[in-house]
There are 6 protein chains.
Amino acid sequence: MTRVDGRSDDELRPVSITRGFQKHPAGSVLVEFGDTKVLCAASVTEGVPRWRAGSGLGWVTAEYAMLPSATHTRSDRESIKGRVGGRTHEISRLIGRSLRTCIDLKALGENTIAIDCDVLQADGGTRTAAITGAYVALADAVTWLGAHGRLADPKPLSCQVAAVSVGVVDGRVRLDLPYSEDSRAEVDTNVVATDTGTLIEVQGTGEGATFTRRTLDAMLDSAMAGIRQLSKIQAAALAEPYPGELPGKP
Amino acid sequence: MTRVDGRSDDELRPVSITRGFQKHPAGSVLVEFGDTKVLCAASVTEGVPRWRAGSGLGWVTAEYAMLPSATHTRSDRESIKGRVGGRTHEISRLIGRSLRTCIDLKALGENTIAIDCDVLQADGGTRTAAITGAYVALADAVTWLGAHGRLADPKPLSCQVAAVSVGVVDGRVRLDLPYSEDSRAEVDTNVVATDTGTLIEVQGTGEGATFTRRTLDAMLDSAMAGIRQLSKIQAAALAEPYPGELPGKP
Amino acid sequence: MTRVDGRSDDELRPVSITRGFQKHPAGSVLVEFGDTKVLCAASVTEGVPRWRAGSGLGWVTAEYAMLPSATHTRSDRESIKGRVGGRTHEISRLIGRSLRTCIDLKALGENTIAIDCDVLQADGGTRTAAITGAYVALADAVTWLGAHGRLADPKPLSCQVAAVSVGVVDGRVRLDLPYSEDSRAEVDTNVVATDTGTLIEVQGTGEGATFTRRTLDAMLDSAMAGIRQLSKIQAAALAEPYPGELPGKP
Amino acid sequence: MTRVDGRSDDELRPVSITRGFQKHPAGSVLVEFGDTKVLCAASVTEGVPRWRAGSGLGWVTAEYAMLPSATHTRSDRESIKGRVGGRTHEISRLIGRSLRTCIDLKALGENTIAIDCDVLQADGGTRTAAITGAYVALADAVTWLGAHGRLADPKPLSCQVAAVSVGVVDGRVRLDLPYSEDSRAEVDTNVVATDTGTLIEVQGTGEGATFTRRTLDAMLDSAMAGIRQLSKIQAAALAEPYPGELPGKP
Amino acid sequence: MTRVDGRSDDELRPVSITRGFQKHPAGSVLVEFGDTKVLCAASVTEGVPRWRAGSGLGWVTAEYAMLPSATHTRSDRESIKGRVGGRTHEISRLIGRSLRTCIDLKALGENTIAIDCDVLQADGGTRTAAITGAYVALADAVTWLGAHGRLADPKPLSCQVAAVSVGVVDGRVRLDLPYSEDSRAEVDTNVVATDTGTLIEVQGTGEGATFTRRTLDAMLDSAMAGIRQLSKIQAAALAEPYPGELPGKP
Amino acid sequence: MTRVDGRSDDELRPVSITRGFQKHPAGSVLVEFGDTKVLCAASVTEGVPRWRAGSGLGWVTAEYAMLPSATHTRSDRESIKGRVGGRTHEISRLIGRSLRTCIDLKALGENTIAIDCDVLQADGGTRTAAITGAYVALADAVTWLGAHGRLADPKPLSCQVAAVSVGVVDGRVRLDLPYSEDSRAEVDTNVVATDTGTLIEVQGTGEGATFTRRTLDAMLDSAMAGIRQLSKIQAAALAEPYPGELPGKP
């Protein structure tokens, strides 16, 4: 039984990472996992939130949102509804927590990096694409801070962070689900991990079905292989020079 | 290195389940995991939310909250702040999703069961205690519906649901963390599973640290053993007669 | 014509006051007037709200709320609705105002005591039970502050405060109405008074009916007798030692 | 010891009632108690709120608000703050409850009368002035409904409703307190009553002081005398013809 | 084709400006354009908003609102809805912007003048009446500040500001539209200008129809003539002495 | 005195219109005016808002928003603040009003077209770019409706709509201001007009300065010339085939 887009079960969708998508933020990345497109911006602010002031530590925070026009059927704007939904909150917290794992907040100095992940087009896996792209935007923001002499220590990033979804569809473990698979998956798992193969977050969910330890193991095997590939794509993207202007750059 | 309360690493805190705590809801359970105390109520309403009307299916929903006085330092009341926080949303969704896995919504008929998990005292593991207690309240509400002849089918519950936390503290995998351990855990995992040993939800998180597959496996082993014990405590509690009045009950 | 629970017209329901119900707040009292159960917690914070800072005076504030599962039919959660209802506001203000009458805020020093009255089960008279229990929780918080050497003056409490409802049901003046009487009362009055028999607050309301001065007098006579009894029950409860740990306590 | 404005202790401020202040609502009254000026409008809508539809009963509701510029120091606008304060809620509920006592909602038919009491200038006693003026606006709205043949029964109003404040200032019981007295009153009582001398609502409050039954009696005596006068002023105002156009009116 | 109220196309409705309408604010003006009645209050506060502090500049801000009873059919209260509507926001911003054009904020010193325009009765042109009245209230507030020695410079006002509506109704350009004309106008234009004939704001809108440059020119000619008259009425009103008490005023 | 980007005073920035930017909405256009980039989506829903149901008329509505990362300094997310700002409201209303002028809502049938204008990058003139792009998205949505046989009448669009800003900078009238000019403009005017040269909306504003009729005329001349060019660019973009799939399209 083949997948609707012809991929094998353990194959990622085409992934693309475009740095320098916007001119204002220190890091701005358009990440695409197939038809899922997320704009990840990393904006630098001097200082930290009040509850952290004077600690000598920096802060990384994240907000996730969808454009109303990103989904198959238009979704209502959360600003108009006057409250942020539970799913939005949950994903925002996941992105922030995941990125903070790879950064030494002391080395960052008393700077705040605000990550905005805005989904321009949704086709499944928006949160995992967001984390994967946000890491690259964060790396660019760190480069920008370093070039402006504002880091307390030159290398705040200790590892790369990437994420992928994996699930059980039609009884088979499949990697990187598009919406058409995600919407009928029996089990849905999101894995966030580092380029060295250690785990940051595992969220396995069976709504309407339970799953065995053996299935969980198979999903984790597939996800970790996918994250190894994503880490290479991130590294390749970051091997190019910083896309904007930096002091001292010719 | 022993734990602060003298338990061994794979030992649960004393668990108690008191049914019939309140007189109004069809199910009302006070669940205690050590000093963590959660009041779980299951209220029955005829009919279902508008988006589900006419489907012939029932609905189970859940809301989690903390009393301001439940925590070490008093926390602000979300009704006064005018918005529900991200953590509250996240846990409410987790409880609802977990309980829906074990219930046949068709058998439930067009009834809604609203689960309210209000934390009276917090000492770590409030969400896992809530799920474990909420299952018992749900079972009582189902009994009440059956006794009133309002189920479409006599046995809507297909399995028991329980949950426990497990984490890495001082480099050791430990079960059912109290606040003093939870607050300094390197990895924190919540597992929801059935009495037959299948998984419903796995949420493993390393904030500030990553973890290996081997550690994840050790945590899952410990959690599954804990859930086996919790399932037995649930079953023992439910072996007693329904705590309130039922039609035809002498 | 007798009352549904067999009481005489001027008889209180069984009243019970349990101190030390929760371990975190300085004062925590479960008060029961028959089936009405309210958890009253008094949490101490150093300092006072900004508008009062530097005045040398302390502050006592109160918030009242109902668990959704406390009422006969489940009520919606105010945090989800995003706003606190008029009745909730009104009762919160009444509790705070009543308790501030009996405390010398100068003697309290620049400390804030936040009273949380959360109704676990409602059967009429929740606001009067809340005030009666909250006084005991307040007294425990004052004891705690004294034992920690944080009072500006050793005796901030000048009197006891208790409250009771009284109404006209079936043409008769009756004390301490349960929900079944309260919901069909022609006149409903709440009285807050001290243990020395002076008044703090009188709120007499006829919705759908008016009442004479003579009826008001009869209601006040009954309420004052009830409050004398409640004051004795409070005093008896407070005659026991402080339920938690205090410095210097063996 | 005389009062700041030269009145005797049991004397009302100059009271004026102007009907037909606005042209759109069926009833529109500007009521003045000295420098306190409240615009009371009674707007008629066909039908009743959803929870009451089909009952054959009408509905009367009230909203109270202050213009930001009405108070000595400008107060923030509640629409901008995004929530209605506790005091506003409390007074709105009091006005609605008081007016519903004097009207037969069955005779009103399935019509809603919305009372808006907007304080144009505040100098103490805004809620009692509001009730006194709102009754006159309500009476005009009833006249309007009758003239348009929309009443189920010709005489829905069973009595007049008026209200006045009374308090203890400088140790003396004083009627109809202006802001300068109200702000330093030891006891503050609001009384709502009918033109036949029966009570609708009594709210006596001692913030920072308690009071005896004897003081309460003296306050009630003074208030009832004041309300007798206010009832006459209302009757005199209503003796004039309806200020707007009515069908069949020449 | 004559207008419903007998005016010629280029004629204003009767305009009246009453200063000193309220006693608390430094400026308080009731402005009437025919049946449109707006209460414009200018309240003085020492200091400026935080983002402006220390700049040496003052600030003028404005809020516009309608009483629920002001309109033909009662409108819902924005404080109850919990949010301010788009139209309200838009007009508030227009009033503030227009008034700031005529005042030297440096000369004002670090004072804030808050303008509140509350519509008591609406019959078209509420925003233009509000601006015209608000200017007079602002002038009174400036006089008050000067008399209290709180201006940085004696003459902060550089010109008068007034506003009028003009539109195309029944194919004719008409000045100062009442509601009955406004509601069926093909083009609706609001013009804010100074007493010296320069423009501050032009807002021309065709909903459901477009308009030519020639029509725009005709509308501007009519509006400018109207504003010349309004400026004279403002000047005449301000020629009277300040309506309240001022230091040193006999 | 030349402009910072070398343009002459009456020259537009490079304008580009990309249709089919997103795959879900019926119309999706990325419009660029220099560095200002706005994503304009037109989503079709069957039916109309409740207040319009059964009228036989369609509806067109618009919402404008900025990504937090679109501006020079990151701006707070309105969904997090829980309310939409005045400027956002104002622009949303302007876009909706402008587009409704060019469409016959009867011909549209009972369909709703929701226009979302999300600013991806801001450099002045975001509202005028939004209107210009939104017209093209609207035209695509109309094509889509026609191809699906859902129009009541085949040609609902009666004209094209485009918009441009013009202002006085350094004493000179300049077209299509980027942020660096906009932020120091003495007068700022936005003009919305049709391809046949009639006006839809003129909004001329002098904050901190007034302007003469002669200046207004010069600004309108420049704007109308700019809109003629924009109309040609729109027409050229729409001359290409519909970018997505349509029934019956090979």
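Q: Hi! Quick one to start: how many residues sit between β8(D) and β9(D) in their hairpin?
A: Hello! There are 4 residues between β8(D) and β9(D) in that hairpin. One of the turn residues, G197(D), has a positive phi of about 90°. Do keep in mind that this is a predicted model.

Q: Thanks. How many bridges join β8(D) to β9(D), and which way do the strands run?
A: They run antiparallel, and 6 bridges join β8(D) to β9(D), which covers residues 199-205 of chain D. To find a pair by eye, look for A193(D), whose bridge partner in β9(D) is L199(D).

Q: And what about β6 of chain D, how does that pair with β8(D)?
A: Strand β6 (residues 161-169) of chain D also pairs with β8(D) in the antiparallel sense, over 8 bridges. Here A163(D) has V192(D) in β8(D) as its bridge partner.

Q: Is β8 of chain D mostly covered or mostly open?
A: Mostly covered: of the 8 residues in β8(D), which spans 187-194, 7 are buried.

Q: Switching to chains E and F. What order do the strands take in their open sheet?
A: The sheet has 8 strands, in the order β7(E)-β6(E)-β8(E)-β9(E)-β9(F)-β8(F)-β6(F)-β7(F), with antiparallel pairing. At the edges are β7 (172-175) of chain E and β7 (172-175) of chain F, each of which pairs on one side only. On average, neighbouring strands are turned by 15° against each other, ignoring direction.

Q: What holds strands together in a sheet, in general?
A: Strands pair through backbone hydrogen bonds, in either a parallel or an antiparallel way.

Q: Back to chain F, then: how many bridges join β6 to β7(F)?
A: There are 4 bridges between β6 (residues 161-169) of chain F and β7(F), and the two strands run antiparallel. Within this pair, G167(F) stands opposite R174(F).

Q: Which strands does helix α2 of chain E touch?
A: Helix α2 (residues 86-100) of chain E packs on the sheet and touches β6, β8 and β9 of chain E, together with β9 of chain F. The helix direction makes about 155° with that of β9(E).

Q: And where does α2 of chain F lie?
A: Helix α2 (residues 86-100) of chain F lies across β9 of chain E, as well as β6, β8 and β9 of chain F. It runs at about 155° to β9(F).

Q: How far apart are chains B and E?
A: Their closest C-alpha atoms lie 11 Å apart, and no contact joins the two chains. Chains C and F do not touch either, with their nearest C-alpha atoms 11 Å apart.

Q: Now for charges. How many salt bridges turn up over all chains?
A: A search of the whole structure finds 144. One of them is between R213(A) and D221(B), whose closest N and O atoms are 3.1 Å apart. R213(A) is in helix α6 of chain A and D221(B) is in helix α6 of chain B, so this pair joins two chains.

Q: How exposed are R213(A) and D221(B)?
A: R213(A) is partly exposed, at 24% relative accessibility. D221(B) is partly exposed as well, at 47%.

Q: What does E181(D) pair with?
A: E181(D) forms a salt bridge with R3(D), with the closest N and O atoms 2.7 Å apart. E181(D) lies in helix α5 (residues 179-182) and R3(D) in the segment before β1 (15-19), so the pair ties together parts that are 178 residues apart in sequence.

Q: Are those two, E181(D) and R3(D), buried or exposed?
A: E181(D) counts as buried, at 1% relative accessibility. R3(D) is buried too, with a relative accessible area of 3%.

Q: And in chain F, what do the side chains of R3(F) and E181(F) do?
A: They meet in a salt bridge of 2.7 Å, N to O. The pair links distant parts of chain F, 178 residues apart.

Note on methods: Residues numbered from 1 in each chain as written. Chains lettered and ligands numbered in written order. Predicted model: local features only at pLDDT ≥ 70, side-chain atom pairs only at ≥ 80, totals over all residues. Heavy atoms only, no water. Pairing = 2+ DSSP bridges. Axes fitted to C-alpha atoms, helices over the stretch in contact; angles between N-to-C directions. Contact = heavy atoms within 4.5 Å. Buried < 20%, exposed > 50% of the residue type's maximum accessible area, 1.4 Å probe, protein only. Salt bridge = Lys/Arg side-chain N within 4 Å of Asp/Glu carboxyl O.
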